[in-house]
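Subject: Structure handover

Hello,

Here is the structure I promised to pass on. Please open it beside this note, and my findings follow below.

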Amino acid sequence: MKNRHSLSSGSREHGYELPYKLACDQLAKISDIEGQCRNSGAHYMRPNGIVIDYLNQTYHITLPDIEITLENSNVEVPLKDKILILRYFNLAKGTPATGILITYKQLPGGMNYFPAFSQRAINPLVKRFGQTPELLISKAVIFGGDKTDYGDASVTITAFSHVPITLVLWRGDEEVAPNGNILFDANISDYLSTEDVAVLCEAITWTLIKGVSAI
């Protein structure tokens with residue numbers, strides 16, 4: 001890509017090259033791009049473009065070469081984000097929201113992977129925001145987050161059109177340590193794999209933490 005500045009180190013990006021290629025190959029096999037746009041909530045820009053929202057930003061996927069760019073930006077999209085965007089688009093089944101919230105443990109294989117998920121996404125969130133949970137709500141505005149009524153503070157972030165992520169915190173005190181959780185609509189496995197959910201939540205958590213640290 002010409003005139004684009006990469007924020008990621010070459011060595012870190014190298015590990016994502018194969019998953020990115022596989023995601024591109026899967027997209028290339030989709031015969032009904034317009035139908036998949038409907039399933040994912042993306043917009044089909046005939047004859048060779050897809051516009052998709054991810055974490056409150058708009059991305060363009062150019063076909064058939066499958067170039068992914070951030071709208072109105074010269075910053076190159078990290079491969080990790082490209083992979084998530086493609087995997088979401090490729091998997092999306094268009095399943096309506098159920099209105100039922102579930103935890104990571106309830107996802108396919110989630111029980112086994114939960115300790116790692118907690119270490120990557122929940123624990124850092126609790127450590128940074130557990131004593132001041134209201135700060136989470138103010139920082140989530142970068143993702144267009146909406147305040148909800150769970151725990152002592154909670155916010156729902158629309159990661160993709162059909163993927164709401166709800167972050168919940170319970171305030172700690174002298175006797176009880178702060179606690180937290182991350183909740184999903186029960187249909188999330190029709191849009192992202194269990195591993196991709198973990199990657200997405202980790203990205204959200206650390207972006208919020210860095211947003212506080214930058215103050």
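I start with two helices. The model is predicted. Helix H2 (residues 17-28) packs against helix H4 (residues 79-91) at an angle of about 30°, and their axes are 9 Å apart. Since angles under 35 degrees count as roughly parallel, that makes H2 roughly parallel to H4. The crossing of H2 and H4 is left-handed. On the H2 side, the contact is made by Glu17, Pro19, Tyr20, Ala23, Cys24, Gln26 and Leu27. H4 brings Leu79, Lys82, Ile83, Leu86, Arg87, Phe89 and Asn90. By type, the residues of this contact between H2 and H4 divide into 9 nonpolar, 2 polar and 3 charged.

An open sheet is formed by 4 strands in the order E1-E2-E3-E4, and the pairing is antiparallel. Strand E1 (43-45) and strand E4 (67-70) are its edge strands, each pairing on one side only. Neighbouring strands of this sheet are turned by 25° against each other on average, direction ignored. Strand E2 (residues 49-54) and strand E3 (residues 57-62) run antiparallel and are joined by 6 bridges. Within that pairing, Tyr54 has Gln57 in E3 as its bridge partner. H4 packs on the sheet and touches E2, E3 and E4. The direction of H4 makes about 110° with that of E2.

The loops of this sheet deserve a look at the backbone.

- Loop between E1 and E2: Pro47 is found here. A cis peptide bond joins Arg46 and Pro47, with omega about 5°.
- Loop between E2 and E3: this is the place of Asn56. Asn56 is not a glycine, yet its phi is positive, at about 70°.
- Loop between E3 and E4: Pro64 sits here. The peptide bond from Leu63 to Pro64 is cis, and omega is near 0°.
- Loop between E4 and H4: Asn72 is found here. Asn72 is a residue other than glycine with a positive phi, near 55°.

Now the other sheet.

An open sheet of 5 strands has the order E5-E9-E8-E7-E6, again with antiparallel pairing. Its edge strands are strand E5 (101-103) and strand E6 (146-148), and each pairs on one side only. From one strand to the next, the twist averages 35°. E5 pairs with strand E9 (residues 179-185) in the antiparallel sense, over 3 bridges. There, Ile102 stands opposite Phe184 in E9. Helix H5 (residues 110-129) lies across strand E8 (163-170) and E9. H5 runs at about 125° to E9.

Last, the aromatics. The structure holds 9 aromatic pairs. One of them is formed by Tyr88 and Phe160. This pair is stacked, at 4.1 Å centre to centre and with 10° between the planes. Tyr88 lies in helix H4 and Phe160 in strand E7 (residues 153-160). The two residues are 72 residues apart, and the pair links distant parts of the chain.

Best wishes

Technical notes
Residues numbered from 1 in each chain as written. Predicted model: local features only at pLDDT ≥ 70, side-chain atom pairs only at ≥ 80, totals over all residues. Heavy atoms only, no water. Axes fitted to C-alpha atoms, helices over the stretch in contact; angles between N-to-C directions. Parallel < 35°, antiparallel > 145°, perpendicular 65-115°, else oblique. Left-handed = near helix turned anticlockwise from the far one by under 90°. Contact = heavy atoms within 4.5 Å. Nonpolar A, V, L, I, M, F, W, Y, C, P; charged D, E, K, R; others polar. Pairing = 2+ DSSP bridges. Phe/Tyr/Trp six-rings, centres within 6.5 Å; stacked < 30°, edge-to-face > 60°.
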